[in-house]
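Load the model, switch to a cartoon view and keep side chains ready to display. The tour below goes from one selection to the next.

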Amino acid sequence: MKKYILLFVCAIALAIGHVALAQNTGQIKGKVTDAATGDALIGANVQVVDTQLGASCDLDGSYLVKNVPAGTYNLRFTYVGYATKTVNHVVVEGGKTAQVDVVMKGELIQGQEVVVEAKAIL
């Protein structure tokens, strides 16, 4: 009988801890689209600056960053061929979801000149 009481007390303690953790964290979600066409940017990266938190956009250009501790953050959005965009002062409240939609502009990437030479072997 003591075993069951101890198991019950542990289960309640874990549940209370989980609820307390959920109240101290929130989420950031949104959609990333192309400025010229409005198309979703599939696979665009979202990083919560100065943390290891982030996400990639799905087929609809939507993203979701879970378990973000309550606080104020900067978000960095990157996608190959587009200018990096930073959104500052995103407020995350415990138990809530912050909505941040972003429109990104295409950017030309210019690399160095590549010279290809070939010699015929007879």
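This is a predicted model: local features need pLDDT of at least 70, side-chain atom pairs count only at pLDDT 80 or more; totals for chains, interfaces and linings use all residues.

Show its surroundings: leaving aside residues up to four places away in sequence, Y63 touches I28, K29, G30, K31, V32, V46, A55, S56, C57, L75, F77 and V100.

The structure holds two aromatic pairs. In the pair of Y63 and F77, the ring centres lie 5.8 Å apart and the planes meet at 70 degrees, so the arrangement is edge-to-face. Y63 sits in strand 4 and F77 in strand 5, 14 residues apart, and the pair links distant parts of the chain.

Move to Y79 and Y82 for another aromatic pair, a tilted one, with 5.3 Å from centre to centre and 55 degrees between the planes. Y79 is partly exposed at 27% relative accessibility, whereas Y82 is buried at 18%.

Now colour the largest nonpolar core, which has 21 residues. I28, V32, Y63, L75, F77 and V100 have the most contacts inside it. At least two core residues come from each of strand 1 (25-34), strand 2, strand 4 (62-69), strand 5 (71-78), strand 6 and strand 8 (102-104).

Finally, return to the cartoon and find the open sheet of four strands, ordered 3-2-5-6 with antiparallel pairing. From one strand to the next the twist averages 20 degrees. Zoom in on strand 2 (residues 45-48), which runs antiparallel to strand 3 and is joined to it by three bridges. There, Q47 stands opposite G54 of strand 3.

Terms used:
Residues are numbered from 1 along each chain as its sequence is written. Side-chain values use heavy atoms; hydrogens and water are left out. Two strands pair if DSSP finds at least two bridges between them. Axes are lines fitted to C-alpha atoms, for helices over the stretch in contact, and angles run from 0 to 180 degrees between N-to-C directions. A nonpolar core is a set of buried Ala, Val, Leu, Ile, Met, Phe, Trp, Tyr and Cys residues joined through side-chain atoms within 4.5 Å. Buried means under 20% relative accessible area, exposed over 50%, partly exposed in between (1.4 Å probe, protein chains only). Contact means heavy atoms within 4.5 Å. Rings of Phe, Tyr and Trp (its six-membered ring) pair if their centres lie within 6.5 Å; planes under 30 degrees apart count as stacked, over 60 as edge-to-face and the rest as tilted.
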